[in-house]
Amino acid sequence: MEYSAKVMEHFMNPRNVGEIPKADGVGTVGNAKCGDIMKVYLKIENGVVEDAKFKTFGCGAAVATSSMATELVKGKTVQEAMDVTNKAVMEALDGLPPVKVHCSCLAEEAIHAALWDYCEKTGEKIDGLKKPVDDIDELHNTDSED
């Protein structure tokens, strides 16, 4: 399996690992087929993602997509963070092997789950945000195995 240099860099030196105490939004999403679990923490002030951290149990691609996704949402408004898609994460990493695309979906859904938690706590609304699922396999047909 061939990984881009950016995927390898984010796997070997992941950014934003850890948790944020008293986070404004926390989202956990998994994938039962491969066993990956991703938890994202967001610190949001005045509608802007001031900080993002993650804890991921999974393969190298899951760690790399978590790292990149948290980098992409930092400094963005909550609406802009909502627009960070799995495609944006993959593009920022210069692509993923086809059997690892589900990892970018996991990152997108974990960000959305954290945003949902933030909205539940604050009563705010984010256009296009839907109730998160616990297992991304419910959303995406991921016929891949790790």
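Which residues does valine 40 touch, not counting residues up to four places away in sequence? In this predicted model, valine 40 touches Gly25, Val26, Gly27, Lys53, Phe54, Ala110, Ile111 and Ala114. Val40 is also among the residues with the most contacts inside the largest nonpolar core.

**Nonpolar core**
- The largest nonpolar core has 40 residues.
- Besides Val40, the residues with the most contacts inside this core are Leu42, Ile44, Val49, Val73, Leu115 and Ile126.
- Two or more residues come from each of β2 (37–45), β3 (48–57), α2 (60–73), α3 (78–82), α4 (86–92) and α5 (101–122).
- The element that gives the most to the core is α5, with 11 residues.
- In soluble globular proteins, nonpolar side chains tend to be buried together.

**Helix α5**
- Of the 22 residues of α5, 17 are buried, so the helix is largely enclosed by the rest of the structure.
- From its first C-alpha to its last, α5 reaches 32 Å, close to the 32 Å expected at 1.5 Å a residue.
- Glycine 123 follows α5 and has a positive phi, near 80 degrees.

- Strand β1 (residues 25–30) pairs with β2 in the antiparallel sense, over six bridges.
- Within this pairing, valine 26 of β1 stands opposite tyrosine 41 in β2.
- The two strands, β1 and β2, form a hairpin with six residues between them.
- Glycine 35, in the turn of the hairpin, has a positive phi of about 90 degrees.

Methods
Residues numbered from 1 in each chain as written. Predicted model: local features only at pLDDT ≥ 70, side-chain atom pairs only at ≥ 80, totals over all residues. Heavy atoms only, no water. Core = buried A, V, L, I, M, F, W, Y, C linked by side-chain atoms within 4.5 Å. Buried < 20%, exposed > 50% of the residue type's maximum accessible area, 1.4 Å probe, protein only. Helix = DSSP H or I, 4+ residues; strand = E, 2+ residues; numbered from the N terminus. Contact = heavy atoms within 4.5 Å. Pairing = 2+ DSSP bridges. Expected span 1.5 Å × (residues − 1).
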